[in-house]
Amino acid sequence: MTLNLELLQFYRCKSLEDLMARTSAAFSAIGFPHLVLKWSPAAGQTRKMLESSSMIWNNFPERFGHKSGEISDALQNSLSIGLSQARENTLERQIWRLAQTSLYRVDADAPTPYFLTNYQRSILRDFGELEWMEFVSLPLSRERERVLVLEAKTQIRLSDAMMQDASAIFAAFICVYQCLHRPIRLTQTVTSDDSVQASLSHREVQCLQWLAAGKTLLEAATILDISERTLRFHISNAKEKLGVSTTMQAVVAAALEYGFDPKDPRRSICQISRTPILKPVRKAG
């Protein structure tokens, strides 16, 4: 129940940095202390793999302070050492990773076992870290021969309960991530003589949007940071203004007027268009 309430807070995130911070906290709570958002390098020539690999976000700063850049750079650059020690193994794993489209476990599911080089182990020991035993990864998007991957790492044996919780966190993350990065196209425009559109307040529209997205009254109220009683009040007002008698009719009527997208509850003519925010905290090539 606690995890579900935490996941509802994801929908209040307005930027990728906010979303990553909440996701990092959620993963830490279930036993995954390291979270990283990075480009998985192309499975081609060694030089191309090194040039394509870059790290966009990780949670080292909150755990290591001013030393976070040092450990991030050292681990990122260790890819070249991994290639020199077991190039064929590394290339085979990268080819497999590029073919994945859903959640996977690197150590348990990959055709060849994941390994940490002695150099990587020494880096972790220097920073007082335990060795990561399992990586749970989710592909987010593709760009030519690279895949943007969100990867959570644990230092204990992966249990079925941890995997289920990780799947729930990834599902909430991908929903909000797509909302933040999906272009918002207005299907209708507001006109001064449109009495129906002008009659609904912004908050009333938001309430109906989240119901259209499949949320319960309690879940929608939690996302909007209001009480369930207040949510019911807004829905009641919306039904009266729209001239309907049921909540379902209000959702449908408002969806037709405001261009709701059930898969993107942030999209409507009442919502300001967003530009995808992708500020790199740490980027190494």
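The model is predicted: local features require pLDDT of at least 70 and side-chain atom pairs count only at pLDDT 80 or more, whereas totals for chains, interfaces and linings use all residues. Residues are numbered from 1 along each chain as its sequence is written, and side-chain values use heavy atoms, with hydrogens and water left out.

**Exercise 1.** State how many helices and strands the protein has, and what percentage of its residues is buried.

Solution. Step one: the protein has 15 helices and five strands (DSSP runs numbered from the N terminus; helices are H or I with at least four residues, strands are E with at least two). Step two: of the 285 residues, 48% are buried (buried is under 20% relative accessible area, exposed over 50%, partly exposed in between, with a 1.4 Å probe and protein chains only).

**Exercise 2.** Compare the span of helix 14 with the expected value, and determine where its buried residues lie.

Solution. Step one: helix 14 has 15 residues, and its first and last C-alpha atoms are 21 Å apart, close to the 21 Å expected at 1.5 Å a residue (the expected span is 1.5 Å times one less than the number of residues). Step two: the buried residues of helix 14 include Leu231, His234, Ile235, Ala238 and Leu242. Step three: viewed down the axis, the buried residues fall within an arc of 100°, so they line one face of helix 14 (the arc is that of the directions from the helix axis to the C-beta atoms). Step four: on the face turned away from the buried side, Arg229 and Glu240 are exposed. Just after helix 14, Gly243 has a positive phi of about 75°.

**Exercise 3.** Describe how helix 12 and helix 14 pack, and which residues make the contact.

Solution. Step one: helix 12 (residues 202-212) and helix 14 (residues 228-242) pack at an angle of about 100°, their axes lying 9 Å apart (axes are lines fitted to C-alpha atoms, for helices over the stretch in contact, and angles run from 0 to 180 degrees between N-to-C directions). Step two: helix 12 is therefore roughly perpendicular to helix 14 (65 to 115 degrees). Step three: helix 12 contributes Arg203, Glu204, Cys207, Leu208 and Leu211 to the contact, while helix 14 contributes residues including Leu231, His234 and Lys241 (contact means heavy atoms within 4.5 Å).

**Exercise 4.** Identify the exposed residues on the face of helix 15 turned away from its buried side.

Solution. Step one: Ala250, Val251, Ala254 and Tyr258 are buried in helix 15. Step two: the face turned away from the buried side of helix 15 carries exposed Met248 and Leu256.

Conventions: Parallel < 35°, antiparallel > 145°, perpendicular 65-115°, else oblique.
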